Amino acid sequence: MKNTTSKLLNWIEFPVLLAGLVIAGGLWGFEELMEVARDTTPHAFDTEILLAFREAGQPDNPIGPPWLEGAMRDITSLGSASVLVLMTAAVIVYLLLIHRPGPAFLVFVAVAGGQALSSTLKLGIDRPRPDLVSHLADVASLSFPSGHAMLSAVTYLTLGSMASRFLPGRTTKVYVLALAVLTTLLVGISRVYLGVHWPSDVLAGWCAGFAWAMLCWLAAWALQRWRGQTDGG
């Protein structure tokens with residue numbers, strides 16, 4: 001029994017444990033936020049944060065200098081479907097050109113699967129967009145969870161973890177992953193600033209996106225480990 005436990009602990013690495021915690025935390029957070037989304041009246045948490053991004057008593061005027069609104073529109077475009085698809089396609093083609101079909105397939109499954117999951121979750125919750133403040137960007141789909149927040153988490157974390165595998169040194173790996181997380185956070189914040197999502201929509205998108213990205217990473221890690229043992233055995 002002790003030998004089996006010891007082998008299991010040696011097989012499971014710290015990043016795997018961390019990925020498991022992220023997945024569990026993401027699923028738990030998403031479930032809790034679903035209850036908020038299903039309430040017939042907006043939660044105080046949502047309304048207070050949404051109004052904090054607007055001038056007092058002026059729900060049509062966002063806070064900050066005039067250029068900030070334009071900057072937020074630019075940032076939110078980093079989570080748009082067209083930008084993410086273009087970026088993902090470019091990475092997949094590059095991986096195929098350097099004869100890495102496995103990682104290319106992983107990127108495709110992670111991003112395409114995240115898109116399908118996001119669309120399914122939106123239909124399952126059926127939450128309308130916030131009408132507490134004016135929308136500073138054009139929107140047509142349902143509100144929960146935020147597709148921009150979720151898909152930016154899936155795409156940037158997947159690409160960041162993929163890139164870190166080819167980079168030398170721990171510092172550069174941490175930098176790339178931190179940049180992926182920062183971009184994801186900024187995209188989500190921009191959705192609330194523009195008034196097109198409740199804060200709980202964005203938090204739910206982050207939870208689902210981080211959990212899905214880590215699940216895909218975990219599957220890739222297990223497959224790579226299994227192949228390594230098979231080749232060595």
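Where is the place of Ser190? In this predicted model, Ser190 sits in helix α8, which spans residues 170-193. Its relative accessibility is 0%, so Ser190 counts as buried. Beyond its neighbours within four places in sequence, Ser190 is in contact with Met72, Ile75 and Thr76.

Those contacts belong to a helix pair. Met72, Ile75 and Thr76 are among the residues of α4 that meet α8. Helix α4 covers residues 66-76. The axes of α4 and α8 lie 8 Å apart, and the packing angle is about 130 degrees. Angles over 145 degrees would count as roughly antiparallel; α4 is therefore oblique to α8. The crossing of the two helices is left-handed. On the α4 side, the contact also includes Leu68 and Glu69. On the α8 side, Ser190 is joined by Leu186, Val187, Arg191 and Tyr193. The residues of this contact of α4 with α8 divide into six nonpolar, two polar and two charged.

A second pair is formed by helix α5 (residues 81-97) and helix α7 (residues 147-166). Their axes are 11 Å apart and meet at an angle of about 20 degrees. Angles under 35 degrees count as roughly parallel, and α5 and α7 are therefore roughly parallel to each other. The crossing of α5 and α7 is left-handed. Helix α5 contributes Val83, Leu84, Met87, Thr88 and Val91. These residues meet Leu151, Ser152, Thr155, Tyr156 and Leu159 in α7. The contact of α5 with α7 comprises seven nonpolar residues, three polar ones and no charged ones.

Leu50 lies in helix α3, residues 44-52. With a relative accessible area of 1%, Leu50 is buried. Leu50 and Tyr193 are 143 residues apart in sequence, yet their C-alpha atoms are 7.3 Å apart in space. Tyr193 is also one of the α8 residues in the contact with α4. Residues up to four places away in sequence aside, Leu50 touches Pro130, Leu132 and Val133, together with Val192, Gly195, His197, Trp198 and Pro199.

The strands β1 (residues 54-55) and β2 (residues 58-62) pair in the antiparallel sense. Two bridges link β1 and β2. Glu55 has Gln58 in β2 as its bridge partner. The two strands form a hairpin, with two residues between them. In the turn, Gly57 has a positive phi of about 75 degrees.

Terms used. Residues are numbered from 1 along each chain as its sequence is written. This is a predicted model: local features need pLDDT of at least 70, side-chain atom pairs count only at pLDDT 80 or more; totals for chains, interfaces and linings use all residues. Side-chain values use heavy atoms; hydrogens and water are left out. Helices (H or I, at least four residues) and strands (E, at least two) are DSSP runs, numbered from the N terminus. Buried means under 20% relative accessible area, exposed over 50%, partly exposed in between (1.4 Å probe, protein chains only). Contact means heavy atoms within 4.5 Å. Two strands pair if DSSP finds at least two bridges between them. Axes are lines fitted to C-alpha atoms, for helices over the stretch in contact, and angles run from 0 to 180 degrees between N-to-C directions. Angles under 35 degrees count as roughly parallel, over 145 as roughly antiparallel, 65 to 115 as roughly perpendicular and the rest as oblique. A crossing is left-handed if the near helix is turned anticlockwise from the far one by less than a right angle, and right-handed if clockwise. Ala, Val, Leu, Ile, Met, Phe, Trp, Tyr, Cys and Pro count as nonpolar, Asp, Glu, Lys and Arg as charged, and the others, Gly among them, as polar.
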